[in-house]
Amino acid sequence: STHLILVGSSVDNIKGSWVEAEWRVFINEKRSGRKSGNIVTVFAGDLTFAGLPISLRYYEAMPFQPESFEKLLAYVT
């Protein structure tokens, strides 16, 4: 994939073993130059930008709300 879109509603979801493995692999692929896309984290529920792991705060992050959908759509079209 070009981009990784991560959707979560709690820190426990984002840091779940399989989910964390996926975004960490994508970060490593970007750092090695094998991926050029972006990581986009969409947070909902009790999860906030400040609650994201530091590694994810470095990349695009947006709340799950209608105002974010147009920006998010640019990543999937």
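Helices (H or I, at least four residues) and strands (E, at least two) are DSSP runs, numbered from the N terminus. This is a predicted model, in which local features need pLDDT of at least 70 and side-chain atom pairs count only at pLDDT 80 or more, while totals for chains, interfaces and linings use all residues. Residues are numbered from 1 along each chain as its sequence is written, and side-chain values use heavy atoms, with hydrogens and water left out.

**Nonpolar cores**

- A nonpolar core is a set of buried Ala, Val, Leu, Ile, Met, Phe, Trp, Tyr and Cys residues joined through side-chain atoms within 4.5 Å.
- Buried means under 20% relative accessible area, exposed means over 50%, and partly exposed lies in between (1.4 Å probe, protein chains only).
- The largest nonpolar core holds 12 residues, namely L4, L6, I14, W23, F26, I27, I39, F43, L47, L52, L56 and Y59.
- Two or more residues of this core come from each of β1, α2 (17–32) and β2.
- Helix α2 gives the largest share of this core, three residues.
- F26 is one of the residues of the largest core, and, not counting residues up to four places away in sequence, F26 touches S1, T2, H3, L4, K35, G37, N38 and I39; contact here means heavy atoms within 4.5 Å.
- A second, separate core has five residues, among them V42, M62, L72 and Y75.

**Helix α4**

- Residues S68, L72 and Y75 of α4 are buried.
- These three lie on the same side of α4, because they cover an arc of only 35 degrees around the axis; the arc is that of the directions from the helix axis to the C-beta atoms.
- The buried residues of α4 pack against β1, β2 (39–43) and β3 (60–63).
- On the other side of α4, the exposed residues are P66, E70 and A74.

**Surface patch**

- A nonpolar patch on the surface is formed by I5, V7, L73 and V76, which together have about 350 Å² of accessible area.
- Patches are made of residues with over 30% relative accessible area and no salt bridge, where like charges are joined within 9 Å and nonpolar side chains (Val, Leu, Ile, Met, Phe, Trp, Tyr) within 5 Å.
- Accessible areas come from the Shrake-Rupley method with a 1.4 Å probe, and for residues only the protein chains shown count as cover.
- At least two residues of the nonpolar patch come from each of β1 (4–8) and α4 (66–76).
- V7 sits in strand β1 and is exposed, with a relative accessible area of 57%.

**Salt bridges**

- A salt bridge is a side-chain nitrogen of Lys or Arg within 4 Å of a carboxyl oxygen of Asp or Glu, and the count by this rule is three.
- R24 and E20 form a salt bridge through their side chains (2.7 Å, N to O).
- R24 and E20 are four residues apart in helix α2, so about one helical turn separates them.
- R24 is partly exposed at 40% relative accessibility, whereas E20 is buried at 17%.
- Leaving aside neighbours within four places in sequence, E20 is in contact with I14 and K15.
- E20 and E70 are 50 residues apart along the chain, and their C-alpha atoms are separated by 26 Å.
- E29 and R34 also meet in a salt bridge between side chains (3.0 Å, N to O), and R34 is exposed, with a relative accessible area of 59%.
- E60 and K71 meet through their side chains in a salt bridge (2.9 Å, N to O).
- Because E60 lies in strand β3 and K71 in helix α4, this pair ties together parts that are 11 residues apart in sequence.
- E60 is buried, with a relative accessible area of 18%, while K71 is partly exposed at 47%.

**Start of the chain**

- S1 belongs to the segment before β1 and is exposed, with a relative accessible area of 66%.
- Leaving aside neighbours within four places in sequence, S1 is in contact with F26 and K35.
- S1 and R34 are 33 residues apart in sequence, and in space they are 11 Å apart, C-alpha to C-alpha.
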